[in-house]
Amino acid sequence: MSENNSQGSIVFTKEFTKQESIPEEGIQRALAVLRSGRLHRYNTAEGEISETALLEKEFAAFVGSKYCLACSSCGGSIYLALRSIGVETGDKILTNAYSLAPVPGAIVNAGAEPVLVEITKDYTIDFEDLEKKAKAGSAKFLLLSHMRGHMPDMDAVCDICRRYGISMIEDCAHTMGARWNGRPSGSFGNVACYSTQTYKHMNSGEGGLLTTDEDSIIAKAILYSGSYMLYDRHISRPPNEVFEPYKMIVPNFSMRMDNLRAAILRPQLRDLNRQCDRWNRRYKELENLLKKIDHIYIPERPAQEYFVGSSIQFSLAGVTRDQIMVFLAECKHRGVEIKWFGGSEPNGFTSNFRHWQYIKELPELPVTRRVLDFMCDFRIPLTFSIEDCRIIAEVIRQVAAETLIQ
Ligand SMILES: *Cc1c(COP(=O)(O)O)cnc(C)c1O
């Protein structure tokens, strides 16, 4: 959708924050939960399996993992994952510096210390820096954040982890539905966390899903999430005896999902692969048009990476900060609101490691810093048509031609 402004330039008129509505089946299921009054996941009738328990079983099957736990948010599930995998106060956790604020937040919440690792010009973790820090330090954990859906070479990451005895937690907030070499994102680490927050690939407002194949991790995660000793109502879990050694020593952090959200999510899960394809058709259209524009660099994605193009990132090359600010302001003026990771203040859902000043001895990370200083980003909601993507690319092309000249 577009119109022309008084100068005759095209203006895009749709909202970048407008998601599709919840599928009708989700609405009907939600109404049934509301009518039953049984919103709490453990408030089941005799013999009934709750919506939340069913969602867990279905999601585990979707990603091919043994177990799943539904949580109140992805940030919460990362915290539960860290605790359940054995992170203790003062532990160091390696993590790529390009990530979202809830990721270092979960590390700090667990009493641990983030050790930030550089990224490459293509936005994924830098293996040389990872290996250097794995060798030098005492870190036994890697929290790998697939920020904005960018996956590194997962075989190489697994190899480094194996060689240094490092356990991996995958943050798959933006890779739900994605795969590396045909294998689902989240199936490489010891435990993985997904988000069902409104702007991710399934929408329940807030919510998180934790998956693992390991009996002890899921048992502890279920207890930490606040099972009130009703863990036998889960159907995605190991036998009761696995819980025995932990049940008195694992505190209850109350981070459960409820049946209303699970009811909304189950029909969305069945439709997820189709939705991912719809995102990718929009992404491809934008990518093909944007990469022809001078000063715009879009990383090549490796053939092994099946990503979900629910947002697009690009770097502005050979321009000054002042030019970037003019470019962004003019795009916004024409209805295309682009986010920038290089701003001096944190803004909206962007995140820059320089703003996480609670981290002790915040490192310099010159490469990541330079990459973020020129990185732009916007969402591709499914309420945008392919034609909308063409209009957005045309606005960006025109504005770039006007503002990014040397
Ligand atoms: C959104 C997001 C999270 C956190 O998800 P919430 O459900 O909002 O807690 C974590 N990591 C990344 C990369 C994200 O984009």
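Biologist: In which sense do β3 and strand β11 pair, and over how many bridges?

Modeller: Bear in mind that this is a predicted model. In it, β3 and β11 (residues 208–212) pair in the antiparallel sense, over 5 bridges. Within that pairing, Cys71 stands opposite Gly208 in β11.

Biologist: What is the strand order in the open sheet?

Modeller: The order of the 7 strands is β3-β11-β10-β7-β6-β4-β5, and the pairing is mixed. β3 (67–71) and β5 (113–117) each have a single partner strand, so they stand at the edges with one side left without a neighbour in the sheet. From one strand to the next, the twist averages 20°.

Biologist: Which strands does helix α6 touch?

Modeller: Helix α6 (residues 154–164) packs on the sheet against β6 (141–145) and β7 (167–171), and its direction makes about 145° with that of β7. Helix α7 (residues 215–226) lies across β3, β10 (191–195) and β11, at about 20° to β3.

Biologist: Now the ligand. How many residues surround it, and which are the closest?

Modeller: There are 15, the closest being Gly75, Asp171, Ser195, Gln197 and Lys200. The shell divides into 6 nonpolar, 7 polar and 2 charged residues. α3 (74–85) and α4 (102–109) each supply at least two of its residues.

Biologist: What lies 2.7 Å from an oxygen atom of the ligand?

Modeller: A backbone N or O atom of Gly75. A polar backbone atom of Cys74 is 2.9 Å from a ligand oxygen, and a polar side-chain atom of Gln197 lies 2.9 Å from an oxygen atom of the ligand.

Biologist: How much of the ligand's accessible area does the protein cover?

Modeller: 94% of the 380 Å² that the ligand has on its own.

Notes:
Residues are numbered from 1 along each chain as its sequence is written. This is a predicted model: local features need pLDDT of at least 70, side-chain atom pairs count only at pLDDT 80 or more; totals for chains, interfaces and linings use all residues. Side-chain values use heavy atoms; hydrogens and water are left out. Two strands pair if DSSP finds at least two bridges between them. Helices (H or I, at least four residues) and strands (E, at least two) are DSSP runs, numbered from the N terminus. Axes are lines fitted to C-alpha atoms, for helices over the stretch in contact, and angles run from 0 to 180 degrees between N-to-C directions. Contact means heavy atoms within 4.5 Å. A residue is near a molecule or strand if one of its heavy atoms lies within 4 Å of it. A polar contact is a pair of N or O atoms within 3.5 Å; within protein, one must be able to donate a hydrogen and the other to accept it, and residues adjacent in sequence count only if both atoms are side-chain atoms. Accessible areas come from the Shrake-Rupley method with a 1.4 Å probe; for residues, only the protein chains shown count as cover. Ala, Val, Leu, Ile, Met, Phe, Trp, Tyr, Cys and Pro count as nonpolar, Asp, Glu, Lys and Arg as charged, and the others, Gly among them, as polar.
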